[in-house]
Amino acid sequence: MSISMKSWVFAAIAATLIAVQPVFAEPSGTFRHGEQAKLITMDPHQHTGGGASYLRPVYETLFDRDPEGAIVPVLAESYEAGGTEMTIQLKQGVKFSDGSDFNAEVAAANINRVIELGVNASMKLADKAEVIGDHAIRITLKTPDPSIVDALTGPAGMMVSMAGMQDSALDRNPVGTGPYVYSAQESREGEVRVYLPSDTFRNPEEQGLERVEILEIPDNTARLNALKTGQIDLAIFLSSPQAAIVDKSPGIQLLRLPGGTTYHLSILDREGTQVPAFADPRVRMAMNYAINREAFSKAVEFGLSVPASQPYTDGLWLHDPALAGRYSYDLEKAKSLMTEAGYQDGFEFTIPSIPIFASRLEAVAGFFKEINITMNIQTVEPGTLARRSRTTDFPATNLVWNNGIDPKFMTTYYVAEDAVFNPFKITPDPELMALSDKGLSMSDEADRAPVYFEMFEKLAEESYLIFITTTPILFGASDAVVNNETVQYRPGTDTPYFRGLRVDN
Amino acid sequence: MLRLIGQRLLAMVPLLLIVSVMTFSFTALLPSDPVDLIIGDRGSEEQYEMVRERLGLNQPFLTRYADWLLRAMTGDLGTSFFNSVQVKDAVLQRMPATLSLTFGSVLISITVGLAAGVAAGLRPGSWVDRTATFGATIGQAIPNFWFGIILASVFAVSLRWFPATGYVPLTDSPMEWLRSITLPALALGLSTSAAIARQVRSAMVGVLQQDYIRAARAQGLSSRRVVLKHALKNALVPVVTVLSFQITVLLGGALIVEQVFAINGIGSLAITAVRQQDIPMIQGIVLILVLVVMLVQLATDILYGLINPKARPT
């Protein structure tokens, strides 16, 4: 081969290589998200409650849920779970933003830190994590827990670098493997958090933004105004008059996504120790039938919620279509059940309330009055409702059920004899416990769903949990965001995906 | 004067001590528990005890107070229960926003209140007086957060003249700083300017009937000079008293107005701390705000002396 021929061949190969080299658009534009929760900590292992969107640009989790709700590996490559052990093969070639490598040692240290800190309740059944290879770890559980994979899609599964975990200021100096890094210099404490593309992120094509800004705006009116004036592109909303206004304002729209919370009453004294009528399931069913959920939603929750007769809402894997409308409003049936139970003249009980639940309880009391039940509302200190509901101070209570949590908590919250909200220590129906155990023995959601459907059906029969409405996850978004296909939302949570998100501004 | 300042500064020490005991006691009496908020409803008893111990909440009340006091005496107000943020740093970081808002509203209050009060006081019973009195009554009746919402709807959302939310530090951009505090300062200053206007009006009416005013007029001094040099100076003494009270009210009002305009000041910090039962943060905020109020009172006393030598303490 002559030199000139060689040159041509090399030139052709080089040209081919250049042509096949992926060409990525440079990160551009700024995405501004309005958060309702104030940022408390950027240490994912100490994080509780709302505001996970502050963590998502920086941290990746071992697993995540895709937009359809299926669990997919992120920093994990694959996993095997059975009994009290779970082994996870980890992705290789991943780097933290401080330049250190992600490996089994770091992953195990992260999980052990979550367990030791004891803040993340979803990991309370985890015992320890061990390194079993350069990129493999084993998590040992105290008892079988199929929800462990789901737990690792949230803050408990967020991986922090080894140096980060040793940094006492980790809560304001996060170090993850995510597409963006937190810029403390450009952020304003308590007001706006700024994130810039990470140099060490392995998939540059997923870093579509030049800048992510998350603004802390707890006030609903202020968040609405910021959305209307274009100061933010997307905002999370709770059920409020302001959320209802979003839908009526030009240029912005309200998105209703599956998930959110289900407001419900719980009859605690279901053996009738304090309120004998509560021992009769017909009375509890009558209470269920007496509530006009459609009217309740319109009058109290601005029409933003949907009637509920089970813990999980439509669109989630745990929603049982067969239970939909199980306790549709039927006053005549309610009255007849009360008569059958011998309580046609009604009875009286007291329920605790906090200010944000007051209007809901007043509406429910009105419905109960129709079947001669007098529900007295006693206001307790804000922040003490859960604690007071764990005592025998009240025969019934009212709470919200987070649609994002595993159904195993239905047992530990309400059903089991030692359940958090079973202060009267009532022994559950063995059939319910058997179903609960069966649900815990399986790891696949498709297998677990029918088991829990059966459990919910049984609970509906016992009727001590009176589900009223589910308020979906509400986002207010500009028209541009609504029409932007790269903006997608993590199912059951109040955070969008920042990976792959692009804007044109 | 220096002796007075020294005495007043010394008197602040026991007062701050009393405030710290009261704040510590009140937070200890709260029925809710910060550990519940940290671990949530799903936390186990084991997790509860672990977190409680980590926060030192398992210690007796007096031990906790003594620890806190010893550290506070060295300028360390502790760390938030929920993150590694130092209480002192958090409060000082947010102070500029709240002070900007408070002093912006004081400026508006004085300007509007004085102008309206003097105009009304010069011609009692006239249409100017009736209009100013009516305006002052309305101004005092309207809650400042509601006025804030109206201002934001009109001037930020509809006209887009000012930002609807947020605060820009003075050091970042003086112009944007001014734009960011204009609406909240107006919202906050409305009721105070109304209070000042009423006070100035009645003081002016009283002063203008005094013999020395008549004497000044008899000497042939211009009406402007009589009002500005003789009447207003004396009418200002009660106004300073009102203003010193109103600054405390303004600081309280700022907590609410900050929410409406999403300004990250002491107000939003206080509300978050109270919601979370972040005890060290609550104590720090209360202590520093009390200190600010005491300093304002001291400044008022000094101002009395400057305006009216007769009121100067001996």
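**Questions on chains A and B**

Trainee: How far apart do the centres of the positive and negative side chains of chain A lie?

Mentor: Chain A has 42 positive side chains (Lys and Arg) and 66 negative ones (Asp and Glu), with His and the chain ends not counted. The place of each charge is taken as NZ of Lys, CZ of Arg, CG of Asp or CD of Glu. The centres of the two sets are separated by 2 Å.

Trainee: What kind of model is this?

Mentor: Residues are numbered from 1 along each chain as its sequence is written, while chains are lettered from A and ligands numbered from 1 in the order in which they are written. Side-chain values use heavy atoms, with hydrogens and water left out; local features need pLDDT of at least 70, side-chain atom pairs count only at pLDDT 80 or more, and totals for chains, interfaces and linings use all residues, this being a predicted model.

Trainee: What is the radius of gyration of chain A?

Mentor: Chain A contains 15 helices and 17 strands (DSSP runs, H or I of at least four residues and E of at least two, numbered from the N terminus). For its 505 residues the globule rule gives 23 Å, and the value for chain A is close to this, so the chain is as compact as a globular protein of that length. The radius is taken over C-alpha atoms, and the rule is 2.2 Å times the number of residues to the power 0.38. The radius of gyration of chain A is 26 Å.

Trainee: What percentage of the residues in chain A is buried?

Mentor: A residue is buried under 20% relative accessible area, exposed over 50% and partly exposed in between (1.4 Å probe, protein chains only). Of the 505 residues in chain A, the buried share is 55%.

Trainee: Which UniProt domain annotation covers residues 71–413 of chain A?

Mentor: This span is 27% helix and 27% strand, with its end C-alpha atoms 25 Å apart. UniProt positions follow the numbering used here, feature names are shortened, and annotations may be inferred rather than shown by experiment. The unreviewed entry names the domain "Solute-binding protein family".

Trainee: Is Arg32(A) buried, partly exposed or exposed?

Mentor: Arg32(A) is placed in strand β1 (residues 30–35) of chain A. Leaving aside residues up to four places away in sequence, Arg32(A) has contacts (heavy atoms within 4.5 Å) with Glu213(A), Leu215(A), Gln231(A), Ile232(A), Asp233(A) and Leu234(A). Because its relative accessibility is 26%, Arg32(A) counts as partly exposed.

Trainee: Which helices of chain B do the buried residues of α11(B) pack against?

Mentor: Helix α11 spans residues 266–276 of chain B, and 8 of its 11 residues are buried. Among them are Ile266(B), Leu269(B) and Ala273(B). These buried residues of α11(B) pack against α2 (34–39), α5 (87–122), α10 (223–260) and α12 (279–307).

Trainee: Which residue follows α11(B)?

Mentor: The residue after this helix has a positive phi, near 60°. That residue is Gln277(B).

Trainee: What is the relative accessibility of Lys425(A)?

Mentor: Lys425(A) sits in the loop between α12 (408–415) and α13 (430–440) of chain A. Although not a glycine, Lys425(A) has a positive phi of about 50°. Lys425(A) counts as partly exposed because its relative accessibility is 46%.

Trainee: Where in chain B does Arg160(B) lie?

Mentor: Arg160(B) is a residue other than glycine with a positive phi, near 60°. At 47% relative accessibility, Arg160(B) is partly exposed. Its place is the loop between α7 (144–158) and α8 (174–207).
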